[in-house]
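User: I'm new to this one and would like a walk through it. Could you start with any term I'll need?

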Amino acid sequence: MVPLRDNNPTTITPYVNYGLIAANIAVFIYQLSLNRQELQEFFRSAAVVPCQISNTCLQIPAQPIPEWLTLFTSQFLHGGFLHIAGNMLFLWVFGNNIEDRLGHIKFLFFYLTCGALAALAQWFFSQNSPIPALGASGAIAGVLGAYILRFPRAQVLTLVPLGFFITTIRIPAMFFLGFWFVQQAFYGIASLQAPSSVGGGVAYWAHAGGFVFGAILAPLLGLYKRD
């Protein structure tokens, strides 16, 4: 199911949300300019590599970026067109309303913090993995966790493929995002038992963890308050 838009107007121009989308696209364009080896080296230096944080990698090359900083730089890296397109679509649909409620500065803090905590959640369940973890999914999952709390009844216009036919329906946010969270948690649990065959490199624990952290952090930052 693909979200197209919600029926939830905002009272401000979400400059931070626009800026985050632009930054992600700019970094992805830079990635496209790199050859395969350069791209792998870029991921190794700017993405979160769990075994480097745990100091359990068999070979740890010199890192130009400190490991703690990769918790933030990794949020602007993506593995392909579908990866960035899906992330930016979710951020476009749901991020503006959370920025509207938190304000520009708090929203930026909230977004980056959720992304960092989501990366740590993935690290906790795969501490010896040498596979770089990258993408804005964990931060955006935090946005979704805040959205489902504050706007559970908002209607999400959703593109639904039915075999050869495609239709659109309106789904309450509590069901659309609730199903998404259950799906991430289910695959995360399954990946603990079969990491080689279930998950396909997707950081499901970052998704589920970001969602939970977002639901916890947003109310503390004033999700239910207005200036």
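Analyst: This is a predicted model. One term is needed before we look at packing: contact means heavy atoms within 4.5 Å.

User: Okay, what do the buried residues of α6 pack against?

Analyst: They pack against α1, α4 (67-73), α5, α7 and α9. The buried residues themselves include F107, F110, Y111, T113 and C114, and the helix they belong to, α6, has 22 residues and reaches 32 Å from its first C-alpha to its last.

User: Which residues have the most contacts inside the largest nonpolar core?

Analyst: That core has 39 residues, and those with the most contacts inside it are F94, I98, F107, F110, Y111, Y147 and L177. The elements that give two or more residues to this core are α1 (15-32), α5 (81-102), α6 (104-125), α7 (137-150), α8 (173-193) and α9.

User: And what is I98 in contact with, leaving aside its neighbours within four places in sequence?

Analyst: I98 is in contact with F107, F110, V143, A146, Y147, F151 and L223.

User: Switching to α9, what should its span be, and why?

Analyst: Helix α9 covers residues 204-220, and because its 17 residues count at 1.5 Å a residue, it should span 24 Å; its end C-alpha atoms are 25 Å apart, which agrees. After α9 comes G222, whose phi is positive, near 105°.

User: What about the strands, how do β2 and β3 run?

Analyst: Strand β2 (residues 155-162) and strand β3 (residues 165-172) run antiparallel and are joined by eight bridges, with V156 standing opposite I171 in β3. Their hairpin has two residues between the strands, and G163 takes a positive phi near 70° there.

Methods. Residues are numbered from 1 along each chain as its sequence is written. This is a predicted model: local features need pLDDT of at least 70, side-chain atom pairs count only at pLDDT 80 or more; totals for chains, interfaces and linings use all residues. Side-chain values use heavy atoms; hydrogens and water are left out. Helices (H or I, at least four residues) and strands (E, at least two) are DSSP runs, numbered from the N terminus. The expected span of a helix is 1.5 Å times one less than its number of residues. Two strands pair if DSSP finds at least two bridges between them. A nonpolar core is a set of buried Ala, Val, Leu, Ile, Met, Phe, Trp, Tyr and Cys residues joined through side-chain atoms within 4.5 Å. Buried means under 20% relative accessible area, exposed over 50%, partly exposed in between (1.4 Å probe, protein chains only).
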